[in-house]
Amino acid sequence: MSDPKDPRQTGDQATLADRNAALGRPKVAEVPSTLPVAPRTDPHARRMLVIAGDRVSTHLLPDTGQIRVGRGDDAELRIDDPSVSREHAHLFFEKGKPVMIADAGSSNGTRVRGKPLTAGQRVALAPGETFEVGSALLMLQSPYEAESAPAAREGGLVIEDRTMAGIYQLAERVAKSTINVLLLGETGVGKDVLSRRIHAMSPRADKPFLPLNCGSLSEQLLESELFGHERGSFTGAVEAKQGLLEAADGGTVFLDEVGELPMSVQVKLLRVLEERQVRRVGGIRSRPFDIRFIAATNRDLGEAVHSGGFRADLFYRLNGISLTIPPLRQRVGEIEELSRKFVDDASARAERRPAPTIAAEALAWLKGYAWPGNIRELQNTMERAVLLCTGSEITLEHLPPSTGAFTPGKPGDPRGADADPERQRILDALEKCAGNQTRAARLLGISRNTLLARLDAYGIARPRKPVR
C-alpha cells in the first residue's frame, strides 16, 4: 500500500495538508478534489484555482476531454461545499481551443462574468477569468512561464529592442522589492505579460497571481470580486464569498485597466492600500493581508487626475514606480521575431507542420505598418495569415486587404500618406479642434500622449500654439 504521508505522492494518494506536514510546511486548508494538486511553480501546467469558504487550492487540468465539477464522490473536481450540487457543472477541454464550461442543472447556479448560465449552455473561459460555482470562486490559470526560457523571449514577449531590454532589466530589479508598480502603454503592448513576469521574478512567485480587469465588471460585481461579500449583503448574495484580495494573500494582484475604476471603488481601494486590511461588502470585521499590487492602464492617469476622473492619492499609492512600454511601431526590430513566433504558435494549434515561412515582401509590410493595436493586432494578423495560407509561404495576399496598395517605405508610414484611414482620422480631428491636441485626443478617444506618439509615427507635424 502507498504511504499517505509520502510527500512525493499526488492526487488522491495524498492530500496537500499531508504533504506539507511531511515536508515541515505550515498546514494549508485544501479544497477536496480527486484531481492532483498542482505545484504553483510548475511552468507547464494549466491549473484551476478553487476558493471555497476559507479553503484555497490549485489543481492540474487535462489537455483534452471533460471533467465534472461538483460535491459528489464521482466528480473529478470535487468541491466539498454545501452551495455546490453533487453534479454542478462540466468543463470541456480541447487542444488549441478555449476551455468551455456548462452548468449541469445545479441548484445554486453557475455564473460567468456575473451572469447565470442556463443548464447545458456552454461558455468559453479566458485565462485569468473568475467564475462562480454556487458560492465557490474558481479561476482558470495559464501556465507560468518557464524560468529557463531563451533570453531572446521573456514570458512570450520577444526582446530585441534596446528600450525593452532596459525595461525588463529594471523590472527584474523592481520585482525583488515590495513596491507597487504602474504599467503604462497603449492597448496590446504587453502589459499583462510584463506583470506576470514581475510576479514570476519576485519572492512571491510561489504564491497566487490574480488578475482582474477593472473595466469588464459592473461596480457591484467589482467590489464583490475585490473585497468579497457576506451573506445577504446585496440581492443574490446567498452565501458569504472570499474576495480576490483575501485569496491572493502573500501574492500579487494585477489590476488591469485600473483607470476604469468607478470613483466609489477607488475610495475603498485607497483605504485598503493604506490600512493593508480588507473588509468584505456587508461585513464588520477587517482581515489583514500582504499583497503586492501591479496596476496597468492605457489612459493618461495624470490627465485623469487633473480632470477629476481619478483620485490623486490613489494614483500616488499605485505609482510606486512606473514602467512605460513603448508601442510596437517604435520596436520595429522585434516585429520579425514576433511574427515568426505567432506563425509557429498558430501552426501548432492547427496541427500544421511545418509552419509556413514569411515572404520578404510580406515581412517588409509587417515592419512598415504602424500597428495601432500593437502586439495583439500582430498576433491576430499572423493567425489569420496561417489560416488563409494553403502553401508553404505567407505572402501579401494573406495579410489584410489593404496590403495590395503597399509601397515599402519608412516604418510607421507603410501605405503612403493618404492611404491609412487612421492617419486621416487624426488629421480630421486636429482640423475640427483647430489644432488643439488635448481636445483632438478626447475626440479620438485616446490619451494626449498616445496622440503625440501617433503624430510622430505618421510623420504629422505637431500643431503649434498660436502666438499671442
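This is a predicted model: local features need pLDDT of at least 70, side-chain atom pairs count only at pLDDT 80 or more; totals for chains, interfaces and linings use all residues.
Guide: Two strands pair if DSSP finds at least two bridges between them.

Visitor: How many strands form the open sheet, and in what order do they lie?

Guide: Strands of a sheet pair through backbone hydrogen bonds, in either a parallel or an antiparallel sense. Here an open sheet is formed by five strands, ordered E4-E3-E5-E6-E9, and the pairing is mixed. At the edges are strand E4 (77-78) and strand E9 (122-125), each of which pairs on one side only.

Visitor: In what sense do E3 and E5 pair, parallel or antiparallel?

Guide: E3 and strand E5 (residues 89-93) are antiparallel, and their pairing extends over five bridges. One of the residue pairs to look for is Gln66 with its bridge partner Phe92 in E5.

Visitor: Now a single residue. Is Thr110 buried or exposed?

Guide: Thr110 belongs to strand E7 (residues 110-112). Its relative accessible area is 0%, so Thr110 is buried. The Thr110 side chain makes a polar contact, at 2.6 Å, with the side chain of Asp103. Leaving aside residues up to four places away in sequence, Thr110 touches His88, Ala89, Ile101, Asp103, Lys115, Pro116, Leu117 and Glu132.

Visitor: Next, the helices. Which residues of helix H13 are buried?

Guide: Helix H13 spans residues 437-444, and its buried residues are Gln437, Ala440 and Ala441. Viewed down the axis of H13, these residues fall within an arc of 100°, so they line one face of the helix. Arg442 and Leu443, on the other side of H13, are exposed.

Visitor: What is found at the start of H13?

Guide: There, Asn436 has a side-chain oxygen that comes within 3.1 Å of the backbone nitrogen of Thr438.

Visitor: How should I read two helices that cross, and at what angle do the axes of H9 and H10 cross?

Guide: Two packed helices are described by the angle between their axes and by the distance between those axes. For helix H9 (residues 335-349) and helix H10 (residues 360-368), the axes come within 10 Å and the crossing angle is roughly 115°. On the H9 side the contact is made by Ile335, Glu336, Ser339 and Arg340, and on the H10 side by Leu363, Leu366 and Lys367. The crossing of H9 past H10 is right-handed.

Visitor: Where is the cis peptide bond, and what is its omega?

Guide: The cis peptide bond lies between Arg353 and Pro354, with omega about 0°. Pro354 sits in the loop between H9 and strand E23 (357-358).

Methods: Residues are numbered from 1 along each chain as its sequence is written. Side-chain values use heavy atoms; hydrogens and water are left out. Helices (H or I, at least four residues) and strands (E, at least two) are DSSP runs, numbered from the N terminus. Buried means under 20% relative accessible area, exposed over 50%, partly exposed in between (1.4 Å probe, protein chains only). The arc is that of the directions from the helix axis to the C-beta atoms. A polar contact is a pair of N or O atoms within 3.5 Å; within protein, one must be able to donate a hydrogen and the other to accept it, and residues adjacent in sequence count only if both atoms are side-chain atoms. Axes are lines fitted to C-alpha atoms, for helices over the stretch in contact, and angles run from 0 to 180 degrees between N-to-C directions. A crossing is left-handed if the near helix is turned anticlockwise from the far one by less than a right angle, and right-handed if clockwise. Contact means heavy atoms within 4.5 Å.
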